[in-house]
Amino acid sequence: MKKQTILTGIRPTGHLHLGHYFGAGKNWIKLQDKFDTYIEIADVQALTDNFNNPDKVRKSVKELVIDLLSIGIDPNKATIFIQSTIPEIAELTVFYSNLVTIARLERNPTVKNEIKQKKELFGQSGESITYGFLGYPVSQAADITAFKGNLVPVGEDQLPLIEQCREIVHKFNSIYGNTLITPEPYLSEIPRIKGLDGNEKMGKSLGNAIFLADEPDVVRKKIMSAVTDPNKIKVDDKANPDVCMVYYYHKLIGNPNLKTVCEECKAGKRGCVACKKELVNKMLEFLKPIAEKRKYYENNLQIVENILKEGNNKAKKVAQETIKEVKTSMKINYFD
Ligand code: TRP
């Protein structure tokens with residue numbers, strides 16, 4: 001039986017952090033064994049937000065691919081490719097744009113939220129929201145359907161985008177005949193990772209993230225300033241590990257000593273500084289194999305480039321098949 005296809009995408013706007021790893025990457029590593037896996041480096045989508053910063057997007061593409069390879073994405077199992085090398089995605093986006101109203105896009109909760117954040121962060125007025133930005137869910141529907149994705153592993157914040165894609169697929173199929181596959185979201189067990197500052201989300205732009213590529217000194221500094229139980233003042237005060245970010249990370253990276261950490265913390269037998277130092281050591285141990293693999297790929301960029309070229313070629317074949325079917329259904333296959 002043919003394996004099901006999973007398609008997921010990630011915007012190249014910086015390095016991966018622990019939130020990406022535990023919230024998504026770790027899950028992809030498992031999925032690549034079971035499914036025909038496509039991982040899209042969504043450079044065109046990144047440009048919707050960063051059209052005035054092409055250097056950042058360009059630089060991030062390779063960094064991101066190296067991050068993915070370093071955590072264990074296996075190019076023999078998963079196809080890693082760059083969105084802009086597949087113009088069929090852009091073609092599909094144009095065709096699908098007839099099937100979505102502007103009002104529907106404006107009501108998309110993810111888009112709505114992002115517009116709100118943009119206004120808060122940059123004081124942008126509604127007028128500066130571009131056509132490309134508002135339409136990125138349509139382009140994302142093209143990403144998913146071009147590769148005949150059955151399942152889309154994403155975090156919770158992306159669910160409205162999958163829903164939007166499903167609506168486009170239904171509309172397309174009902175007008176032009178059954179052509180596209182309807183995707184399902186595939187949520188990972190831990191959808192959202194908290195930041196070092198206790199924020200509900202670890203985020204690139206929030207300044208509360210540990211990046212997989214952080215140097216040991218940076219990791220140390222970040223952990224030493226992580227938020228602990230605010231009610232613990234003295235070293236021997238009893239504390240509540242459940243509100244402590246240091247405990248949260250001990251747990252997240254699977255410290256085998258976790259039970260002791262918890263019991264000592266509750267009993268007032270563990271100072272926060274010592275506890276943070278232990279976490280630094282465990283975190284560096286956790287990051288070490290990733291850092292070693294990164295070194296290897298950084299010293300062998302030709303290998304990375306070849307992986308991408310092969311990925312692009314393989315992805316292109318599937319997208320070409322899809323566009324052919326789509327054009328036939330839409331009766332714009334003039335010379336077949
Ligand atoms: N929008 C996703 C994000 O910001 C990235 C993405 C692009 C994606 N294309 C995709 C996710 C296709 C899933 C499927 O994280």
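Begin with the shell around the ligand, where the residues divide into five nonpolar, five polar and three charged; here Ala, Val, Leu, Ile, Met, Phe, Trp, Tyr, Cys and Pro count as nonpolar, Asp, Glu, Lys and Arg as charged, and the others, Gly among them, as polar. This is a predicted model, in which local features need pLDDT of at least 70 and side-chain atom pairs count only at pLDDT 80 or more, while totals for chains, interfaces and linings use all residues. Residues are numbered from 1 along each chain as its sequence is written, and side-chain values use heavy atoms, with hydrogens and water left out.

**The ligand**

Select the ligand and the 13 residues around it, of which Arg11, Gln45, Gln140, Asp143 and Gln158 come nearest; a residue is near a molecule if one of its heavy atoms lies within 4 Å of it. Then colour by secondary structure: strand E1 (5–10), helix H8 (136–146) and strand E4 (151–154) each supply at least two residues of the shell. Helices (H or I, at least four residues) and strands (E, at least two) are DSSP runs, numbered from the N terminus.

Next, display the side chains of three glutamines. A polar side-chain atom of Gln45 lies 2.8 Å from a nitrogen atom of the ligand. For Gln140, the distance from an N or O atom of the side chain to a ligand nitrogen is likewise 2.8 Å. For Gln158, the corresponding distance is 3.0 Å. Taken alone, the ligand exposes 370 Å², and the protein buries 87% of that; accessible areas come from the Shrake-Rupley method with a 1.4 Å probe, and for residues only the protein chains shown count as cover.

Move to Ile181, in the loop between helix H9 (159–176) and strand E5 (184–187). Ile181 is partly exposed, because its relative accessible area is 33%; buried means under 20% relative accessible area, exposed over 50%, and partly exposed in between (1.4 Å probe, protein chains only). Not counting residues up to four places away in sequence, Ile181 touches Thr145, Lys148, Gly149, Asn150 and Val169, where contact means heavy atoms within 4.5 Å.

Within H9, select Asn173. Asn173 counts as buried because its relative accessible area is 14%. Leaving aside neighbours within four places in sequence, Asn173 is in contact with Asn178, Thr179 and Leu180.

Now select Glu156, in the loop between E4 and H9. Glu156 is partly exposed, at 49% relative accessibility. From Glu156 to Pro185, the C-alpha atoms are 9.2 Å apart in space, and the two residues are 29 apart in sequence.

Most residues other than glycine have a negative phi. Return to Lys148, one of the residues that Ile181 touches, in the loop between H8 and E4. The phi of Lys148 is near 55 degrees, a positive value. Lys331 has a positive phi of about 60 degrees and is placed in the segment after helix H14 (301–329). With a relative accessible area of 66%, Lys331 is exposed.

**The cysteines**

Finally, show the cysteine sulfur atoms. How many disulfides are there? The count comes to zero, a disulfide being a pair of cysteine sulfur atoms within 2.5 Å. Cys275 is in no disulfide, and the nearest cysteine sulfur, that of Cys244, is 6.1 Å away. Cys275 counts as buried because its relative accessibility is 9%. Cys165 is also buried, at 0% relative accessibility.

Conventions: A polar contact is a pair of N or O atoms within 3.5 Å; within protein, one must be able to donate a hydrogen and the other to accept it, and residues adjacent in sequence count only if both atoms are side-chain atoms.
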